[in-house]
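Thanks for coming. Please have a look at the sequence and the model before I go through a few of its details.

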Amino acid sequence: MTTNEPTPGPTAKGTASSLRMALRIVNTVLDREMSGRAGFNVSRLADEVGIERSKASRTTQDLCDKGFLERREDSTLRAGGAFFTAAASLHPGLVRRSRPLLRSLAVGHGAGARLSVLDGVQVRVVRAESAAGIAHEWLGPASLVTPCWCTGAGRALLLDHTPDEITALLDDYELIGVGGPDAARSVEELVAANDHDRLRGIVTARGEFEHGVVEYAVPVRDAEGRIRAAVSVVGRDHDLLPRERTIETDLGTAAAALAGSMNGDGTEE
């Protein structure tokens, strides 16, 4: 059988190969960041991906120049602002409508406020706001990709998952050693925590991502009731505990406002 479609030339093939390599590198950096362990430098990244160090160096430099990766002071790599801008563009209606709501939550409670989405086992922050004077590392870019099992937003995004679905999702992941002192260390512990919080309609993750830090989170549902995102407030436990009920009420109001903007397919009305 013959076809009139042109055969891709060497330039097209080379471009596709370079794109695949760049995506593999970014994904590897994100997976490492999500694991909570120290990031890769270029040499270790090359070994992990299985490419020559010279090629890894050229590709990571190009990704850094474009803002998709950032190089820390210790030469390890993390996801950059351009990556999160691209991720946010997949949810334009939610991101646009969330800004004033998140800003109000952050300023009103003297904390950080986030809109997050689920990507496999990873939670990606697509919009973050913080009150003046809040400059802790756990509110910064290094925490924009986190594990789903030890964060308030992550657990809120999993509230509709069955135990079997959570087991399948985390099948290849080691929960021990990741997160704070009160993080789930097994699927059974994660399921039990979500069963408890589901009855209240809000997730309270106290000491699950970092000692002394609490994240309150509620799911954002589309018109058909499916979870599309999570909105959360995060801060020091001793600062937010006295405001817990008010935070819960305000989060419910924000989630309802965002839910009202989506159709069944997650697009904006």
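Does Tyr 173 count as buried, partly exposed or exposed? With a relative accessibility of 34%, Tyr 173 counts as partly exposed. Keep in mind that this is a predicted model.

Tyr 173 brings me to the aromatic rings. Searching the whole structure gives 1 aromatic pair. That pair is made by Trp 149 and Tyr 173, and it is tilted, with 6.3 Å from centre to centre and 50° between the planes. The two residues are 24 residues apart, so the pair links distant parts of the chain. Trp 149 sits in the loop between strand 5 (145–147) and helix 6 (152–157), while Tyr 173 sits in the loop between helix 7 (163–169) and helix 8 (187–200). Trp 149 has a relative accessibility of 2%, so this residue counts as buried.

Next, two helices. The axes of helix 2, residues 42–49, and helix 3, residues 53–65, come within 9 Å and cross at roughly 110°. Helix 2 and helix 3 are therefore roughly perpendicular to each other, and their crossing is right-handed. On the helix 2 side, Val 42, Ser 43, Leu 45, Ala 46 and Asp 47 take part, meeting Arg 53, Ala 56, Ser 57 and Thr 60 of helix 3. Sorted by class, this contact has 4 nonpolar, 3 polar and 2 charged residues.

Last, one backbone detail. Ser 75 lies in the loop between strand 1 (69–71) and strand 2 (77–79). Its phi is near 75°, a positive value in a residue other than glycine. Ser 75 has a relative accessible area of 38% and is partly exposed.

Terms used: Residues are numbered from 1 along each chain as its sequence is written. This is a predicted model: local features need pLDDT of at least 70, side-chain atom pairs count only at pLDDT 80 or more; totals for chains, interfaces and linings use all residues. Side-chain values use heavy atoms; hydrogens and water are left out. Helices (H or I, at least four residues) and strands (E, at least two) are DSSP runs, numbered from the N terminus. Buried means under 20% relative accessible area, exposed over 50%, partly exposed in between (1.4 Å probe, protein chains only). Rings of Phe, Tyr and Trp (its six-membered ring) pair if their centres lie within 6.5 Å; planes under 30 degrees apart count as stacked, over 60 as edge-to-face and the rest as tilted. Axes are lines fitted to C-alpha atoms, for helices over the stretch in contact, and angles run from 0 to 180 degrees between N-to-C directions. Angles under 35 degrees count as roughly parallel, over 145 as roughly antiparallel, 65 to 115 as roughly perpendicular and the rest as oblique. A crossing is left-handed if the near helix is turned anticlockwise from the far one by less than a right angle, and right-handed if clockwise. Contact means heavy atoms within 4.5 Å. Ala, Val, Leu, Ile, Met, Phe, Trp, Tyr, Cys and Pro count as nonpolar, Asp, Glu, Lys and Arg as charged, and the others, Gly among them, as polar.
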